[in-house]
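Here are some notes to go with your first look at this structure.

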Amino acid sequence: MKEFDYIIVGGGCAGLSLAYELEINEKLKDKTLAIIEPRAEYKKDKTWSFWKVALHNFDDCVKKSWENFSVNIPKKTNHLECKSYPYQSVDSGLFYEKINNKLKKNKNISFFKDISEINSKDSFIFSSVPIIKKDHRNLWQHFCGIEVKTQNNFFDDEIFNLMDFDCDQRDSVHFFYTLPYSKTSALIETTWLSKMNDNSQKDYDNQIKDYIENQLNLKNYKITYKEEGAIPLFYPTYKETKNKINIGTAGGMTRLSTGYTFLNIQEHSKYICKNIENISNAKKFEINKKYQFLDDIFLRVLDENPQMMPDIFFNMFKSSPKTVIKFLSNKSNYLEDLSIILRMPKWTFVKALFR
Ligand SMILES: Cc1cc2nc3c(=O)[nH]c(=O)nc-3n(C[C@H](O)[C@H](O)[C@H](O)COP(=O)(O)OP(=O)(O)OC[C@H]3O[C@@H](n4cnc5c(N)ncnc54)[C@H](O)[C@@H]3O)c2cc1C
């Protein structure tokens, strides 16, 4: 059986981002890489959006970028600017195509459907396949989005809506997210932050239809694409071993209070690439411990007080948008952290800290 210097298990966002980073930095000229990916074909299956607080390799896969956004609770809307850190939406179809076209030109890179097809005994492994143990206490961000096309101009494509809490909360945390790609097309997503112990919040199609037709007052539209997913708001378990690093969601790259993962994956890929020659001894890359600590308290508050969350999110965005964006994107300094913390209901958070 064939042997390889490196194996990437899972050719999704993290696996392909890492392979691309290694390839463009010429780390695979004299080394061999196997990518293990079971999917039969690559097609658009996700839209990765984020505030661009760091450089990445995929500006040419950005479908649309915005410099303004809004956050709503019933009867109140906050309009915010994000010129310094535009919000970008990466089309996964373009991302997969760009990377695979590049990788297939290097004879040192091979693709397999299952790791049993190769000898992995002496390879260094990067795995993006999370081990998620079923636990009814775990919180998830679960969602479903559709892209709609209208015949006439309907959307204001200069501004996206990050969170619209003016909807049925069902004793949980629920909001709609709208990314207008043009005046006649948009991604509209229903999003829940909850324990997902049953299917009672999963009537996604009805929720979206009701929102579009009765809240947005849009009656004539065509559905052109649909995506559904669930992001764990907890760290998957894994065993530390000398010849393996977990990447992507499996590697703890999700910011637990927001679900944002894409840019953290890019930063992790750059870190691995920089240290690849001595990767077994490199320090573990992780989201700064201060965010892990703050997110843990935040999620405890969310779990215990879902009814408070629309106001909590709304108030958070009363800080300067630049500060909130930096905080939510792991780039804030202590003063900026403090300005966010001071906007939170103090006793609720103090109680959660000691729970
Ligand atoms: C629908 C959706 C939308 C999202 N939107 C955003 C967003 O807007 N912004 C953001 O920052 N984050 C977003 N996320 C979170 C995160 O960025 C993505 O989940 C991202 O794809 C995580 O990358 P990954 O490589 O860890 O996982 P994946 O991209 O899921 O890749 C894992 C790969 O492993 C493969 N695989 C599975 N089992 C095996 C096996 N046994 N052996 C080998 N391979 C296997 C899968 O086929 C898959 O290709 C979104 C997540 C989802 C699900």
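1. First, a term: on a 1 Å grid over the protein atoms alone, a pocket is an open set of points with protein on both sides within 12 Å along at least five of seven lines, a cavity is a set where a 1.4 Å probe fits but cannot get out, and lining residues have an atom within 4 Å of a point. With that in hand, the largest pocket has 49 lining residues, and W48, F143, I231, G259 and T261 are the ones nearest its centre.

2. Before going further, keep in mind that this is a predicted model, where local features need pLDDT of at least 70, side-chain atom pairs count only at pLDDT 80 or more, and totals for chains, interfaces and linings use all residues. Residues are numbered from 1 along each chain as its sequence is written, and side-chain values use heavy atoms, with hydrogens and water left out.

3. The volume of the largest pocket is about 1200 Å³ (the space filled by probe spheres set on the grid points, which are joined across faces, edges and corners). Its lining splits into 27 nonpolar, 15 polar and seven charged residues (Ala, Val, Leu, Ile, Met, Phe, Trp, Tyr, Cys and Pro count as nonpolar, Asp, Glu, Lys and Arg as charged, and the others, Gly among them, as polar).

4. Which strand gives the most to that lining? β14 does, with six residues. Several other elements supply at least two residues each, including α1, β10 (140–149), β13 (185–194) and α4. Helices (H or I, at least four residues) and strands (E, at least two) are DSSP runs, numbered from the N terminus.

5. Where does the ligand sit? Look in the largest pocket; sitting there means that more than half of the ligand's atoms lie within 2 Å of the pocket's grid points. There are 28 residues around the ligand, and A14, E37, R39, S49 and T261 come nearest (a residue is near if one of its heavy atoms lies within 4 Å).

6. The shell around the ligand has twelve nonpolar, eleven polar and five charged residues. β14 provides its largest share, four residues. At least two residues each come from α1 (13–24), β3 (47–51), β14 (222–232) and α4 (262–274).

7. Now for polar contacts, meaning pairs of N or O atoms within 3.5 Å; within protein, one must be able to donate a hydrogen and the other to accept it, and residues adjacent in sequence count only if both atoms are side-chain atoms. The side chain of R39 has an N or O atom 2.7 Å from an oxygen atom of the ligand. Backbone N or O atoms also take part: one of F262 is 2.9 Å from a ligand oxygen, and one of C13 is 3.0 Å from a ligand oxygen. On its own the ligand exposes 970 Å², and the protein buries 79% of that (areas by the Shrake-Rupley method with a 1.4 Å probe; for residues, only the protein chains shown count as cover).
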